[in-house]
2 protein chains.
Amino acid sequence: MTRSWWGWGDTEDALAPDESAALAARVAAFLPDHDFTDHAPPAPASLPVPRPRLEPPGALARLCSTDPVDRLSHARGKAFRDVVRNLSGQVEAVPDLVVRPESEQDVVDVLDWCSAAGTPVIPYGGGSSVVGGVEPRFAGPSVSLDLGRLGQVLEIDRTSRAARVQAGVYGPALEDQLRPHGLTLRHYPQSFTHSTLGGWLATRAGGHFATLATHIDDLTEAIRVVTPIGVSESRRLPGSGAGPSPDRMFLGSEGTLGVITEAWIRLQERPVWQAKASVTFPKYADAVNATRAIAQSGLYPSNCRLLDAAEAFLNAGVSADGLLLLAFESADHPVDAWLDRAVELTADHGGTVTARRGESGSAWRSAFLRMPYQRDALARRSMVVETFETACTWDAFPGFHAAVTAAATAAIAEICGAGVVTCRFTHVYPDGPAPYYGIYATGRWGSTLAQWDEVKAAVSEAIWANGGTITHHHAVGRDHRPWYDRQRPDPFAAALSAAKDALDPAGVLNPGVLIR
Amino acid sequence: MTRSWWGWGDTEDALAPDESAALAARVAAFLPDHDFTDHAPPAPASLPVPRPRLEPPGALARLCSTDPVDRLSHARGKAFRDVVRNLSGQVEAVPDLVVRPESEQDVVDVLDWCSAAGTPVIPYGGGSSVVGGVEPRFAGPSVSLDLGRLGQVLEIDRTSRAARVQAGVYGPALEDQLRPHGLTLRHYPQSFTHSTLGGWLATRAGGHFATLATHIDDLTEAIRVVTPIGVSESRRLPGSGAGPSPDRMFLGSEGTLGVITEAWIRLQERPVWQAKASVTFPKYADAVNATRAIAQSGLYPSNCRLLDAAEAFLNAGVSADGLLLLAFESADHPVDAWLDRAVELTADHGGTVTARRGESGSAWRSAFLRMPYQRDALARRSMVVETFETACTWDAFPGFHAAVTAAATAAIAEICGAGVVTCRFTHVYPDGPAPYYGIYATGRWGSTLAQWDEVKAAVSEAIWANGGTITHHHAVGRDHRPWYDRQRPDPFAAALSAAKDALDPAGVLNPGVLIR
């Protein structure tokens, strides 16, 4: 497989021309005036990638790549704004070196070198950031530290259902190594195929489970991190109350406090029993209340994904004001009783089961992993296509949702002209949902980046003003900084900043992200 | 009710003389050579409490108490080593003032005054620390900041099942204020009646639920903290991925980073359905494996408390090598199917149900809340009676348990002469249990403090050497420092220390606890 330098995933998995055309035709049904001309990406070798300004020490040279396309593909993440800039051949800052450590000592040596030289170093997992997390958005030279060669499961504790794993492992390779042991992490962010364990930990990625272990945080037993002042390794503990959790400081640190090299992760048995249902609602507000009832029931579905009318139509071909995809799974016991009760709760709120044990759930999940490829195909056709996500309390949700949707709709109307806003819940908690919004709007070729940035600013303001979080699981990176800076408490920022200074005295770790 | 200055809880609830004698007679059955003479506590007014060395600013005088007995009762927590020192009339450092703020602004003013004067200030909730967390273990003057007058539920969000609550509220007062709304926190540490929400948050207290929300951490939606550099308030969010969690930095900070004044907490509906079973096992190893199977089943019992033979006999009057107390509860649905499956799992490992829906579980729970009073009665009779708790992985547990039990048994034999070690699991996780050990040993009046300190050092070494945590839910305080300092990663300690310097530049917050 060939990794795409400009867009999502592997080039072999991108939409074929006929698939792309068919998708464009479907979208044209609701954006009839849009110009769907397909703009192919430039040849990367034709782009003006600046020459590297860094010379690695001899001992590290074997790990370093100066190849222009390699460096170009490490210059950005995979957000819409990254893809659009790549498609238009817009070259900005590019890391001077891509360094691929083969051992933890290599990571130590790279940090030592970069700290001594004052060279920014950007930890890089799968490069799937959608928030500018891996982009050297500054003038000087930089190193992209690609952990991809540290991809082994090192140890398995079958009894405690845990494994010690190198941070550079990609999702599929991790599952391949766990499968012979009958175990699985079951952490499936949309980036699963092209993101790494270390990336998940550094960004507090959201995964498979709609309830309980929603973030990788909860599946983390211990973390090993190389910081410029030494290696930090927490104990393997199922639970502890010994001071503030060391792991919780590194979870979400986005490469600013150290480089995660290993973790002990909590695993699952492979599920044997599953039960699924699709439930439609004539009124969205009722669907929300039904979802809340389930989230507060103590039933803990593995999937509890509420699609609004636009999501239901676009992604499941269903006409309803709300479509709730429910699933329970277990390696221990049949879960029909659990689903029965959840379905009763939906009926209490006007829901109708349209499929049980059907394929709608898994079909939707395959589509879920394909969505970034569709996004790329539409980006090539001048559309503004992107997502943003948040979380808020149930009490706040109706007003929050109305405000965010209104801001998005107004921004689309003003900036793009035409488009739709969709919403689904990716995760739900007893005290609130994590809504995930999609934007599909018409754009003008050459302007879609600026158009999206304007829409994004408008919706981020609405999220902030209405009490949401600027990110539930996409991380902060560089793109969310203006709103994150207002969201986090100032004393906490002072504490985090001081912690960073202590761990990274030279200030070389991922500058511009989170703090500094 | 009259708060005991020297021992646990209220004097009216202490064991009556005949209860104490009956308890001594029961214990004498296995410690026949012990001298059970009852030593009454001294009259507090007779003790040489030093005169206060601090004069509060006029504006704060209305909040300050210099009463010797008030100060004496704030000088220590409620561990065995505190009770023994009180019983023997041993006066050491005593806070010079007890300050009881009536508003958050009062807290700000106290911290301003103490920071300017360089006076250590010890945040005080219910004073139930068992790790030296509220004790001014240093020579200079100090202030005990008692939050007990900030005890109101300020706001309830019925939809999201959450409440904004002042940190000084005691357990029963909190539940009293929630009950009219049909809601409950259901967080019942053993200290429930005499500890506060702020104390639970600051120490990551463990509560009612044996699985899932084991610590108060998981029931925390947002925290408001007064730090010397300003007020830190996190947003109410059901989940977030915006950088390292601000709440997780203050959870477990034990008064070293700021004074928690309010929190939004996640509530439960009052349970309507319950199902309970008591299961005995002829072999402890089988009982452990059954408990592990349940912890990994995804059934999530609210109670899953495994008592070893000594615990079962002493606390439930049951002769068995293992006694598992199981309970499920729900406000939404009958939970018999859950219990049925859990019982099947115990049968797979040789368990026998001895009671179902019986009273053994709730009888044990009432006894649970009475245990500290019994501890005090036995401390008066020269016994060494204390608990310690930890957590480790399932894989490690057999070796860990053998090592810790051997260390405890050897220490008792050498230092005390005779005694027993008991073990129960208070909480269980998919990757490991939280074992809670009890020591009941013979002591010599006047030496029991030194005897316990020696036993504690021996078991703490064993916990550390065998991979456990020095505390699962009792916190670090001053007593656990030598082992905590070895347990936490050095780079994390450097980061936490820097964070403290940023938040508490004068270094006045609870010196000696956790760091510094």
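Here are some notes on this two-chain structure, which is a predicted model.

1. Start with how the copies relate.

2. Now the contact between them. Chain B puts in 78 residues and chain A puts in 78 residues. On the chain B side, the elements giving two or more residues include strand E8 (220-227), E9, H8 and helix H11 (336-348). Further along chain B, strand E17 (419-429), strand E18 (432-442), helix H15 (481-487) and helix H16 (490-503) are also among them. H16(B) has the largest share of that side, with 11 residues. Sorted by class, the side of chain B that touches chain A has 30 nonpolar, 32 polar and 16 charged residues.

3. Which surface does each copy use? Of the interface residues of chain B, 100% are also interface residues in chain A, so the copies meet through the same surface.

4. B:Arg235 is worth a look while you're there. You'll find B:Arg235 in the loop of chain B between strand E9 (230-233) and helix H8 (246-250). Is this residue, B:Arg235, buried or exposed? With 22 other C-beta atoms within 10 Å, B:Arg235 is buried, because the cut-off for that label is 20 or more. Setting aside neighbours within four places in sequence, B:Arg235 is in contact with A:Gly467, A:Thr469 and A:Gln487 from chain A, along with B:Ala222 from chain B.

5. E3(B) runs parallel to strand E4 (residues 143-146) of chain B, and four bridges join the two. If you want a residue to check, B:Pro123 stands opposite B:Leu145 in E4(B).

6. Last, the domains of chain A. The domain assignment gives domain 1 (11-146) and domain 2 (271-362) for this chain. Between the C-alpha centres of domain 1 of chain A and domain 2 of chain A, the separation is 38 Å.

Methods: Residues are numbered from 1 along each chain as its sequence is written. Chains are lettered from A and ligands numbered from 1 in the order in which they are written. This is a predicted model: local features need pLDDT of at least 70, side-chain atom pairs count only at pLDDT 80 or more; totals for chains, interfaces and linings use all residues. A residue is buried if 20 or more other C-beta atoms lie within 10 Å of its own, exposed if 12 or fewer, and partly exposed in between; C-beta atoms are placed from the backbone. Two residues are in contact if their C-beta atoms, placed from the backbone, lie within 7 Å. Domain bounds come from an automatic or database domain assignment. Two strands pair if DSSP finds at least two bridges between them. Ala, Val, Leu, Ile, Met, Phe, Trp, Tyr, Cys and Pro count as nonpolar, Asp, Glu, Lys and Arg as charged, and the others, Gly among them, as polar.
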